[in-house]
Amino acid sequence: MNAAPARLKRRAEFLRVGGKGRKIPQPGLVLQALARADGAPARIGFTVTKKIGNAVVRNRTRRRLRAAARLVLAETPAVGVDLVLVGRAATRGRNFAALMQDLRDALARVQPAERP
RNA sequence: CCAGACGGCCGGACGGCCGCCGUCACGCCCCCGUCAUGGGCGGGGCGGAGGAAAGUCCGGGCUCCACGGGAAUGCGGUGCCGGCUAACGGCCGGCGGGGGCGACCCCAGGGACAGUGCCACAGAGAACAGACCGCCCGCGCAAGGUUUCGACCCCGCGGGCAAGGGUGAAACGGUGCGGCAAGAGCGCACCGCGUCGGCGGCAACGUCGGCGGCACGGUAAACCCCACCGGGAGCAAGACCGAAUAGGGGCGGCCGGCGGCAUCCCGCGAGGGGUGUGACGCGAGGGCAUUCCCGCCCUGCCGCCCGGGUUGGUCGCGUCAGGCGCGCCGCGAGGCGCGUCGCAGAGGAAUGGCCGUCCCGCGCCGCGAGGUGCGGACAGAACCCGGCUUACAGGCCGUCUGGCGCC
RNA sequence: UGGGGCGUAGCCAAGCGGCAAGGCAGCGGAUUUUGAUUCCGCCAUGCGGAGGUUCGAAUCCUCCCGCCCCAA
């Protein structure tokens, strides 16, 4: 069983990924990705703004994103990249299987060469 | 049965798979001379959001900073009385005022003879006020009207009055009777107000009686006066460990025991004496956990300023004004005693994701049993505690009030 | 966590106890062949919401809602 992925924590890290990386919108989320030189396992961060809702709504949104990321990355691990998952208003009501598929599609567009 | 008032409580239940945070011990592995300790992996047991965790409106604990004592002033807050409490602007009980048929509910509710300000418009007059219409008396009477030919009405002049009309949020007490030319607290009764006294009450206040003869309009959530309370900041408080800059720079002050060095004086001279000197030695001081010895390493000391570096970890950080039960005291808030329980501790921040069954509500289908779809409030701990305020689907319990029906 | 400020018409805003200024925009009219300009007129049952004080509240008080700013 794989360990929990490393988390992005610093504001500067989020700004770098959001500013320099690719931005892939999906119905249930927005994926921001920035490649790193090393081949270490992907680091991951979550952004859910106050615009989405109150604290309860933001918590639910982030937890669904985290659960989806855990399952998707377990089946197909990503390496050498920093990922930021941005919650949208639709994230909370999105069917969970569809949400996972959103993330898979977004990851496929980030690293097309490394996927068969 | 219907409508309502008050108080208290709950705020989905059970299960499956996969995860997260904390904690407890266990197994295996690594490090190691051994112990201690540390690290990694694994599965397991236990615990894991709220009544408001929210808003941050008050009060406290805790921590740091400041501070001789007292008074006054300023600023801010509070404001019927008594009690509860660690404290409060909270709560309980009472008083007064207002609302409701009632249960019951609401009220920042000290002082307006300490002073100052304001009271628009309307209205005759708005604060030691005032007379427009009006009422009454006297005198006059050209014109007009009536006439029983006296006069009267109208009108004019002089005077009295403030009852009625009208304005206003408010008009210098209200109602009734007497009184009067008409009127008026002018007199009387009741109500209100003021004041004095008795009684009840800790008090706010209530009540009774006498007197006054209506004199003292409102506004203090206007300034203000009075009484009482109040150091400042906040867990990013604060403490420690590590890492890094590094032998950083400037200014000022201070220490000289011995040697060295510099310099001055004395002496022909060996030498003696004085002064100074800190990227010189010894001494001295500090560090290597502690003591002694040896060894090694570091270093002038203090203060202020400038510049630079550091955002990793540990503690604070979960046992308290604690929850529950029982008994006693108290109308109550609450207090006392005994027993019992251990109840979240994250740190870009855990407490979850998905699924099933049941429960509740609504819609649709069906005569029905039932089937089916959608929905399940407000809301997420961030140092802790006591309150307040605000948000909230649905439901439960108890007491009480009004109405209808039946016995 | 602590502190400060602002919500007035579609927009910018004055007023801060008795009447809600003004400008832009909009609408109607006049002038003009038409347009621009200019001129005249109209446009807030109520000042973010709810209570309260007062005879009277945008204004004073209390509690909420929303937005902005500052310090750490």
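Three salt bridges are found in this structure, which is a predicted model. Let us take them one by one.

Start with Asp82 and Arg43. Their side chains meet in a salt bridge, with 2.9 Å from N to O. Now find the two residues along the chain. Asp82 belongs to strand 4, which covers residues 81-87. Arg43 belongs to strand 3, which covers residues 43-47. The partners are 39 residues apart, so this pair links distant parts of the chain.

How accessible are these two partners? Asp82 has a relative accessible area of 0%. Buried means under 20%, so Asp82 counts as buried. Arg43 has 21% relative accessibility, and therefore counts as partly exposed.

Move on to Arg104 and Glu75. Here, too, side chains meet in a salt bridge, and the N to O distance is 2.5 Å. This pair also links distant parts of the chain. Look for Arg104 in helix 3, residues 96-110. Look for Glu75 in helix 2, residues 55-75.

The remaining pair is Arg94 and Asp102. Their side chains form a salt bridge at 2.9 Å, N to O. Check the accessibility of each partner again. Arg94 has a relative accessible area of 26%, which makes it partly exposed. Asp102 has 4%, under the 20% cut-off, so Asp102 is buried.

Where does Ile52 lie? The loop between strand 3 and helix 2 holds this residue. Ile52 has a relative accessible area of 22%, so it counts as partly exposed, not buried.

Which residues does Ile52 touch, once its neighbours within four places in sequence are set aside? Val57 and Thr61 are in contact with Ile52. Gly87, Arg88 and Ala89 are in contact with Ile52 too.

Ile52 and Ala33 are 19 residues apart in sequence. In space, their C-alpha atoms are 21 Å apart.

Notes: Residues are numbered from 1 along each chain as its sequence is written. Chains are lettered from A and ligands numbered from 1 in the order in which they are written. This is a predicted model: local features need pLDDT of at least 70, side-chain atom pairs count only at pLDDT 80 or more; totals for chains, interfaces and linings use all residues. Side-chain values use heavy atoms; hydrogens and water are left out. A salt bridge is a side-chain nitrogen of Lys or Arg within 4 Å of a carboxyl oxygen of Asp or Glu. Helices (H or I, at least four residues) and strands (E, at least two) are DSSP runs, numbered from the N terminus. Buried means under 20% relative accessible area, exposed over 50%, partly exposed in between (1.4 Å probe, protein chains only). Contact means heavy atoms within 4.5 Å.
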